[in-house]
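Biologist: Before we discuss individual labels, could you show me the model and then go through how each term is applied?

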Amino acid sequence: MTDQERFPDYFVEEDIDRRKCTRVVPMKVLVIGMLRTGTLSMQAALEDLGYKSTHHMHNVFQNPASECIMWRQALEAKYQNKGRKFTKSDWDQLLGHCQAVVDVPAAAFIPELYEAYPDAKVVIVQRNPDRWYESCSRTVMVFASSPQLKILYFLDRWLVRRLAPFMGLLFTSLFGPKTKDPVKRRENWIKGYMDAYDEVRRIVPPEKRLEFTLGQGWEPLCKFLGNDVPNKPFPHANDSASFDAGIKVLVKRMWIRAAKQNLPFVVGALGIVAAWWMYG
């Protein structure tokens with residue numbers, strides 16, 4: 001199986017101005033599931049049930065020019081009181097092609113999305129906080145602090161230059177200021193994790209939400225959403241090994257894109273050096 005067959009999301013590159021879009025399908029399902037809570041499995045499950053264009057962090061990777069800007073504006077408005085808070089019109093522009101959302105950054109805005117789409121059903125997917133943090137520390141944090149990303153920030157203008165500031169803002173908004181103290185970092189991340197779920201439970205009535213774990217399989221999810229149970233196993237995707245393999249493919253794509261973006265500058269610089277050496 002090729003990299004593209006195994007990780008097709010990392011090979012999609014879009015340039016869609018979401019500010020020029022509007023809602024074309026109804027929003028039906030809002031999943032409050034933080035990163036590393038089985039969000040790819042939930043995305044696959046919802047799409048198996050017919051909820052097409054389920055928004056995931058991978059969508060930000062695919063269309064960074066527009067999505068990084070809009071999600072950053074939403075984060076600044078909610079967490080820093082900077083700018084105008086998003087209205088239904090804004091969410092329709094950003095997510096108008098989606099019938100469901102999973103993962104961050106959408107998981108940071110479930111109360112706001114529920115206010116905009118009160119007929120949507122809310123699914124809460126939560127792991128044990130300690131196990132969740134250990135998973136994040138082995139995967140997401142390692143990727144976010146990679147020395148390669150620091151170099152690629154200057155070379156991959158299409159994705160990394162846009163993604164890095166947005167991801168930094170997302171993590172500080174949810175989990176507090178960056179710290180080198182491992183004890184404080186653990187406390188901050190777990191507190192932010194629990195606060196996000198508590199906020200949803202305060203706002204969404206019990207009859208409008210489902211407390212769900214992936215190990216429960218199709219039955220409770222389908223009963224809550226009003227769907228027939230598929231004749232197939234519940235999806236299981238993106239364990240730690242798959243995450244690591246996917247990140248290697250993603251970073252490889254970043255380097256390839258960086259090489260293409262910077263080739264004219266390298267060729268030009270070599271030409272100048274060659275001309276200086278021959279005629280200088």
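Modeller: Helices (H or I, at least four residues) and strands (E, at least two) are DSSP runs, numbered from the N terminus. This is a predicted model, in which local features need pLDDT of at least 70 and side-chain atom pairs count only at pLDDT 80 or more, while totals for chains, interfaces and linings use all residues. Residues are numbered from 1 along each chain as its sequence is written, and side-chain values use heavy atoms, with hydrogens and water left out.

Biologist: Where is Asp156 placed, and why does Asp156 count as buried or exposed?

Modeller: Asp156 sits in the loop between helix H9 (147–155) and H10. Buried means under 20% relative accessible area, exposed over 50%, and partly exposed in between, with a 1.4 Å probe and protein chains only. Asp156 has 0% relative accessibility and therefore counts as buried.

Biologist: Which residues is Asp156 in contact with, leaving aside its neighbours within four places in sequence?

Modeller: Contact means heavy atoms within 4.5 Å, and on that basis, with those neighbours left aside, Asp156 is in contact with Arg161, Met254, Arg257, Ala258 and Gln261.

Biologist: What makes H10 and helix H11 roughly parallel or roughly perpendicular?

Modeller: Axes are lines fitted to C-alpha atoms, for helices over the stretch in contact, and angles run from 0 to 180 degrees between N-to-C directions. Angles under 35 degrees count as roughly parallel, over 145 as roughly antiparallel, 65 to 115 as roughly perpendicular and the rest as oblique. H10 and helix H11 (residues 182–203) pack at an angle of about 80°, with their axes 8 Å apart, so H10 is roughly perpendicular to H11. Phe171, Leu174 and Phe175 of H10 meet Asn188, Trp189, Gly192 and Tyr193 of H11 in this contact.

Biologist: What is the phi of Ser53, and why is Ser53 given its accessibility class?

Modeller: Ser53, a residue other than glycine, has a positive phi near 55° and lies in the loop between H2 and strand S2 (54–55). Its relative accessible area is 36%, so Ser53 is partly exposed.

Biologist: Which residues does a cis peptide bond join?

Modeller: Val104 and Pro105 are joined by a cis peptide bond, with omega about 5°.
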